[in-house]
Structures are given as structure tokens and as C-alpha cells.
Amino acid sequence: MQLSLQGKTYVIMGVANKRSIAWGIARALHAAGARLIFTYAGERFENEVKKLVATLEDDTALVLPCDVTKDEEIASCFAQIKEKVGVIHGVAHCIAFANKEHLEGEYMNVDREGFLLAHNISAYSLTAVAKAAKELMTEGGSIVTLTYLGGERVVQNYNVMGVAKASLEASVKYLANDLGKYGIRVNAISAGPIRTLSAKGVGDFNSILKEIEERAPLRRTTTQEEVGDTALFLFSDLSRGVTGEIIHVDSGYHILA
Ligand code: NDP
Ligand code: N5H
């Protein structure tokens, strides 16, 4: 069984720049011969995404807008993919958002609006996207999302995002159960901390990384490439028996007390 994804098409959601985990996944899938379709949220990063995609030198790659807070945008995005490509074989969902002021201090200071915003973008969107993507995964498929340890345990400052990730991880299991009968698998990668645009502005990110280097079983921090390679496994037939799973790609940090 090979890891070649030649002849397969995947939708990559959540590239903001070259540091994005989504871009690490894209590079791994591209190297395995996959055709890629990229979606971005707002015009803010449209040019950045288009510039990055051009570096792949693959003229079959598509770049489409898809703000996951808008049902009509999800619908039109997947309608365009259906029209231009027909069948897809997987989706990488690498999307999360919470208001900055709700990612510090006490969790309970989150307000209703901030709670719903974080859950809307970071958790509900997986279900909305899975439903739309199912219609195009007529040959079976694989959906992969990104989560973090703060969804399982209390991690300082992760706050409302931890609660949203708990919802995302439960969604992975319910979606895996719904979609298994169509030959579609749904899994999450729980990644260790990686310096990306989202992580920017997080107070003390350096000390979080230092703690991983000192204590994680592998004594090093997680890279985009490591997450990309595990995603490649989850998108390939090598993982054909795996669904509803949360795989930690975090140098083993999650096993520590
Ligand atoms: P990035 O900042 O590179 O990516 C976050 C992405 O979320 C951006 O591309 C952004 O799109 C997208 N996004 C936000 N709002 C919306 C929206 N309404 N519709 C569509 N897309 C939206 O950060 P990461 O690569 O770090 O994050 C990717 C995933 O990995 C997230 O789920 C994150 O929680 C998870 N993760 C990250 C870890 C880390 O340490 N970095 C650790 C564990 C998990 P746009 O730029 O177009 O606004
Ligand atoms: C325990 C930690 C550190 C504290 C919490 C960090 C949480 C980060 C996740 C969310 C997604 C970050 C976020 O929404 C930032 C936005 O408020 C502001 N940033 C933006 O708007 C930028 C421009 C865009 C591109 O970002 C998004 N998301 O759209 C967790 C860390 C150790 C690990 C980590 C960083 C986890 C994670 O989930 O990303």
C-alpha cells in the first residue's frame, strides 16, 4: 500500500500564510501527487494564499472564498468545486477563531457573543463543511480537522477555545458515525504548539515552547511537516481502518501528568 494520492483531490481550508498548519498539510499532499483546492475566509489573505499556491506550480490548483460563518458561502464554494472538479476525496479543516480578549485571564469572563463566535467558527463549521463535502465524496473520503490538548484538559489561557475544541472533538466522533456508511472517515490531529499567525500575540508562547522542549518525551516542538505527514496518512488508504480518532502529534506531551 502506497502513500501516493495521484488522481485524488483534496480541499484545504485555512491557509493564511506559509506558517499555517494547513500549508504544511498542503505541501505533504502536493508531494504525494494530489490535486488541491484551497479556500480562504476573507479578502485579507486572498493574495497571500494565491501567491503561495502559485509556488506549487500546479495549474490544476483552485483557490476559492469560503467564510464558514456564512451558509451561502459554504454552499457556493462546494457547488463551484462540484462544477469544476466533480468528485473530491477529502477535506482538511484547519480553521479556528476566538476573540483575543477571551484567550486570557479567567474562562468565565467570556460573554455569550464570544462563546457563540468561537463555537460557530471553530466547531460548528466542521459539521457544516462535512455535510456539504459529503455530496462530492462519492468515491468515499477522509475529513481531517485540527485540535489542541486544551480541548481535553485545562490549559491556561486557552479558555473558550478549549471548550470549542471539546465540541469539535465530539463532532468528529458523531460525524464519523454518520458518515462511515458512505465510506467517509473523520479524524482529528491534536497538534502540539506551533508558531503560526493564530499563535501570534499569545503571551509567553516562548515559554510554552520551552516547556515542550524540556519535558515532552521527544524533547522537541511539533512542526508543520510532522502534522502534514500525519494528515497524509489519514488521507491515504494506509489509515482505511481509522475513524473517529484523535491522533496526538505533539512529541508525546499529552501523556505527561
Ligand atoms: P493560522 O492562523 O495559520 O490559521 C487559522 C485559519 O483560520 C486562518 O487561515 C483563517 O482564515 C481561518 N479562519 C478564521 N476564521 C475563519 C472563517 N470565518 N472562515 C474560514 N476560515 C477562517 O493558524 P494555525 O495554522 O495555527 O491554525 C489552524 C488550526 O490548527 C486551528 O484549528 C488551530 O486551532 C489548530 N491548532 C493550532 C495549534 C498551534 O499551535 N498553532 C496547535 C493545535 C491546533 P483567514 O486567514 O482567511 O482569516
Ligand atoms: C494555550 C494556548 C495559548 C493561548 C491561546 C491561544 C489560542 C489560539 C487559537 C485561536 C484560533 C487564536 C485566535 O483566534 C486569534 C485571533 O483572536 C486573532 N488573530 C487573527 O485574527 C489572525 C490574524 C487570524 C489569521 O487568526 C485566525 N485564527 O483567524 C494555546 C497555544 C499553546 C497553542 C495554539 C496556538 C492552539 C490553537 O488552537 O491555535
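The questions and answers below concern a predicted model.

User: How are the rings of tyrosine 148 and tyrosine 158 arranged, stacked, tilted or edge-to-face?
Analyst: The structure has three aromatic pairs by the rule applied here. In the pair formed by tyrosine 148 and tyrosine 158, the ring centres lie 4.8 Å apart and the planes meet at 65°. Since planes over 60 degrees apart fall into that class, the arrangement of tyrosine 148 and tyrosine 158 is edge-to-face.

User: How many residues apart in sequence are the parts that the pair of tyrosine 148 and tyrosine 158 ties together?
Analyst: Tyrosine 148 belongs to the loop between strand E5 (141-147) and helix H5 (159-179), and tyrosine 158 is also in the loop between E5 and H5. Tyrosine 148 is buried at a relative accessible area of 17%, and tyrosine 158 likewise counts as buried at 18%. The pair therefore ties together parts whose separation in sequence is ten residues.

User: Which class, buried or exposed, does serine 251 fall into?
Analyst: Serine 251 is found in the segment after strand E7 (246-249), and its phi is near 60°, a positive value in a residue other than glycine. The relative accessibility of serine 251 is 5%, whereas the cut-off asks for a value under 20%. Serine 251 therefore counts as buried.

User: How many disulfides does the count come to?
Analyst: A disulfide is a covalent bond between the sulfur atoms of two cysteines, and the cut-off used for such a pair is 2.5 Å. The sulfur of cysteine 66, a residue that is buried at 3% relative accessibility, has its closest cysteine sulfur in cysteine 77 at 4.1 Å, which is too far for a bond. For cysteine 94, which is buried with a relative accessible area of 14%, the closest cysteine sulfur is that of cysteine 66 at 13 Å, again too far for a bond. The count of disulfides comes to zero.

User: What volume does the largest cavity have?
Analyst: A search of the whole structure finds one cavity of 30 Å³ or more. Its lining includes Tyr148, Leu149, His248, Asp250 and Tyr253, and the lining residues divide into six nonpolar, three polar and one charged. The volume of the largest cavity is about 60 Å³.

User: Which residues lie nearest the centre of the second largest pocket?
Analyst: The second largest pocket has a volume of about 170 Å³, and its lining has two nonpolar, six polar and five charged residues. The pocket is lined by 13 residues, and those nearest its centre are Lys8, Glu139, Gly140, Gly141 and Asp237.

User: What is the C-alpha to C-alpha distance between lysine 173 and asparagine 187?
Analyst: Lysine 173 is placed in helix H5 and is partly exposed, with a relative accessible area of 47%. Lysine 173 and asparagine 187 are 14 residues apart in sequence, while in space their C-alpha to C-alpha distance is 7.9 Å.

Conventions: Residues numbered from 1 in each chain as written. Chains lettered and ligands numbered in written order. Predicted model: local features only at pLDDT ≥ 70, side-chain atom pairs only at ≥ 80, totals over all residues. Heavy atoms only, no water. 1 Å grid on protein atoms, 1.4 Å probe; cavity = no way out; pocket = protein on both sides within 12 Å on 5 of 7 lines; lining within 4 Å. Points joined across faces, edges and corners; volume = space filled by probe spheres on them. Nonpolar A, V, L, I, M, F, W, Y, C, P; charged D, E, K, R; others polar. Phe/Tyr/Trp six-rings, centres within 6.5 Å; stacked < 30°, edge-to-face > 60°. Helix = DSSP H or I, 4+ residues; strand = E, 2+ residues; numbered from the N terminus. Buried < 20%, exposed > 50% of the residue type's maximum accessible area, 1.4 Å probe, protein only.
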